[in-house]
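User: Hi! I have a model open here and would like to talk through it with you. Could you take a look?

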Amino acid sequence: LTGDPNDLTGSWTPTAVSLDAARVALADIPGRNYVLLLTDGAPNCNGALDGRTCRCGSDTMSCADNPRLCIDSDRTVAAVEALREAGIETFVVGYDTSIWADVLDRMAAAGGTDYTAHIPVGDEASLEAAMTAIAGSVISCNVELAAPPDAIQYVNVTLDGVEVPHESVASCGAAWALVGDRQIELRGEA
């Protein structure tokens, strides 16, 4: 979105259409792709829902008067499932969203990750911890080589521009090892 989100969405949370747009945008990008959904609201903006019978996402406004405030859980879960079917896993993080935890949990369960419930956060420290945990779950410490190395002593591994020693010479901290004949495994701090 460009511009002020309040002007564009009226402070609503158009999650399903946003996830559909992410699926389309990521479809042609090679490699593994993920969606990190970080929300502070319940998914809504579906004017086709019945405002008299839906679960309302507002404490101060009536869904009967404005059905776009209805929680759009089914369509949003379907959008997460469509992402997963396209090979795109979705992580769901809820910032101070405990009243919609069940909806976010359904989305997380459909996301195809090891996180079958949403990750609740409420401050900077818990958000940073969630991001670190998610990053750690998608980045492998193993790198497959195209061919076995002729001699291990001629293999150099660098991480962020710093050489990482082989485990046979590392006293502690970061190291690497050859697992099998073609896989480099980062160990310790690496």
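User: Quick one to start: is R52 buried or exposed?
Analyst: R52 counts as exposed, at 69% relative accessibility. Buried means under 20% relative accessible area, exposed means over 50%, and partly exposed lies in between, with a 1.4 Å probe and protein chains only. Before we go on, this is a predicted model: local features need pLDDT of at least 70, side-chain atom pairs count only at pLDDT 80 or more, and totals for chains, interfaces and linings use all residues. Residues are numbered from 1 along each chain as its sequence is written, and side-chain values use heavy atoms, with hydrogens and water left out.

User: Good to know. Which residue does R52 form a salt bridge with?
Analyst: That would be D50, with the closest N and O atoms 3.1 Å apart. A salt bridge here is a side-chain nitrogen of Lys or Arg within 4 Å of a carboxyl oxygen of Asp or Glu. D50 itself counts as partly exposed, at 32% relative accessibility.

User: How many salt bridges are there in the whole structure?
Analyst: The search finds 9. Among them, R23 pairs with D20, with 3.6 Å between the closest N and O atoms. Both of those residues lie in helix α2, 3 residues apart, which is about one turn of the helix. Helices (H or I, at least four residues) and strands (E, at least two) are DSSP runs, numbered from the N terminus. R23 is partly exposed at 26% relative accessibility, and D20 is partly exposed too, at 29%.

User: And what does the E89 and R32 pair tie together?
Analyst: E89 lies in strand β2 and R32 in the loop between α2 and β1, so the pair ties together parts that are 57 residues apart in sequence. Their side chains meet at 3.4 Å, N to O. E89 is partly exposed at 21%, whereas R32 is exposed at 60%.

User: Which residues are linked in a network of salt bridges?
Analyst: E167, E185 and R187.

User: Switching to the sheet. What's the strand order?
Analyst: It's an open sheet of 3 strands in the order β1-β2-β3, with parallel pairing. Two strands pair if DSSP finds at least two bridges between them. β1 (33-39) and β3 (119-121) stand at the edges with a single partner strand each, so one side of each has no neighbour in the sheet. On average, neighbouring strands are turned by 25° against each other, direction ignored.

User: How many bridges join β1 to β2?
Analyst: There are 7, and β2 covers residues 88-95.

User: What about the largest nonpolar core, how many residues does it have?
Analyst: It has 18 residues, and those with the most contacts inside it are L19, V35, V92 and M107. A nonpolar core is a set of buried Ala, Val, Leu, Ile, Met, Phe, Trp, Tyr and Cys residues joined through side-chain atoms within 4.5 Å. Two or more residues each come from α2, β1, α3 (73-85), β2 and α4 (101-110). The largest share, 5 residues, comes from α4.

User: So which residues of α4 are buried?
Analyst: V103, L104, M107, A108 and A110. They cover an arc of only 165° around the axis, which puts them on the same side of α4; the arc is that of the directions from the helix axis to the C-beta atoms. The buried residues of α4 pack against α2, β1, α3 and β2.

User: Last one: where is W100?
Analyst: W100 is in the loop between β2 and α4, and it is buried, with a relative accessible area of 13%. Leaving aside neighbours within four places in sequence, W100 is in contact with D40, G41, A42, R55, G57 and I71.

Technical notes. Axes fitted to C-alpha atoms, helices over the stretch in contact; angles between N-to-C directions. Contact = heavy atoms within 4.5 Å.
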